[in-house]
Amino acid sequence: MPERKKDAYVAHARYIHYSPYKLRPIADVIRGKDVMYALNWLTTCATKRVSPLKKVLESAVANAKHLNEISAQRLIVQEIRVDQGPMFRYFKPGAMGRANVYRRRFSHISVVLAPIRNIKEA
């Protein structure tokens, strides 16, 4: 895992009841964007899967505001990861007396926000 700077603000959500394969395309859209764009996009997206990502992003913004009084307009989504959580396996009856394995997948989400740097500072 790469080292994080002191001015990075982190939030995590674990054991989310959505498969990471379904959450990763949504995370790819907001990665690298500014936080206000990401929150507006997640608000207007018409799927229920965006709600855990939005909650984690809002939590990271609240951490930034609490720690250093940084508003959401001055933050970007530096890193957002959707990792595989535990898998709940269960069986259902299949054809000809067999048992079919079903897998209920869980996700872990982590968000890292960073303040926007001015071009003059770089």
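Residues are numbered from 1 along each chain as its sequence is written. In this predicted model, local features need pLDDT of at least 70 and side-chain atom pairs count only at pLDDT 80 or more, while totals for chains, interfaces and linings use all residues; side-chain values use heavy atoms, with hydrogens and water left out.

**Exercise 1. Overall fold**

Task: Determine how many helices and strands the protein chain has, and describe its overall dimensions.

Solution. 
Step 1. Helices (H or I, at least four residues) and strands (E, at least two) are taken as DSSP runs, numbered from the N terminus. The protein chain contains three helices and three strands, and their order from the N terminus is β-α-α-α-β-β.
Step 2. The C-alpha atoms of the protein chain fill a box of roughly 70 × 30 × 25 Å along the principal axes.
Step 3. The radius of gyration is taken over C-alpha atoms, and the globule rule is 2.2 Å times the number of residues to the power 0.38. The protein chain has 18 Å, whereas a compact globule of 122 residues would have a value near 14 Å.
Step 4. Contact means heavy atoms within 4.5 Å. Of the contacts in the protein chain between residues at least 6 apart in sequence, 72% join residues at least 24 apart.
Step 5. Buried means under 20% relative accessible area, exposed over 50%, and partly exposed in between (1.4 Å probe, protein chains only). Buried residues account for 34% of the 122 residues.

**Exercise 2. Packing of H2 and H3**

Task: Characterise the geometry and the residues of the packing between helix H2 and helix H3.

Solution. 
Step 1. Axes are lines fitted to C-alpha atoms, for helices over the stretch in contact, and angles run from 0 to 180 degrees between N-to-C directions. Helix H2 (residues 35–44) packs with helix H3 (residues 50–68) at an angle of about 150°, and their axes are 10 Å apart. H2 is therefore roughly antiparallel to H3. The classes used are under 35 degrees for roughly parallel, over 145 for roughly antiparallel, 65 to 115 for roughly perpendicular, and oblique for the rest.
Step 2. The crossing of H2 and H3 is left-handed. A crossing is left-handed if the near helix is turned anticlockwise from the far one by less than a right angle, and right-handed if clockwise.
Step 3. On the H2 side, Val 35, Ala 38, Leu 39, Leu 42 and Thr 43 take part, and they meet Val 50, Leu 53, Lys 54, Leu 57, Glu 58 and Val 61 in H3. This contact has eight nonpolar, one polar and two charged residues. Ala, Val, Leu, Ile, Met, Phe, Trp, Tyr, Cys and Pro count as nonpolar, Asp, Glu, Lys and Arg as charged, and the others, Gly among them, as polar.

**Exercise 3. Packing of H1 and H2**

Task: State which residues of H1 meet which residues of H2, and at what angle the helices pack.

Solution. 
Step 1. Helix H1 (residues 20–30) and H2 pack at an angle of about 140°, with axes 9 Å apart. H1 is therefore oblique to H2.
Step 2. From H1, Ile 26, Val 29 and Ile 30 meet Ala 38, Trp 41 and Leu 42 of H2. The residues of this contact divide into six nonpolar, no polar and no charged.

**Exercise 4. Positive phi values**

Task: Locate Tyr 15 and Glu 69, and give the phi and accessibility of each.

Solution. 
Step 1. Tyr 15 is in strand S1 (residues 9–16). Its phi is near 60°, a positive value in a residue other than glycine. With a relative accessible area of 45%, Tyr 15 is partly exposed.
Step 2. Glu 69 is in the loop between H3 and strand S2 (75–93). Its phi, near 55°, is also positive in a residue other than glycine. Glu 69 is exposed because its relative accessible area is 62%.
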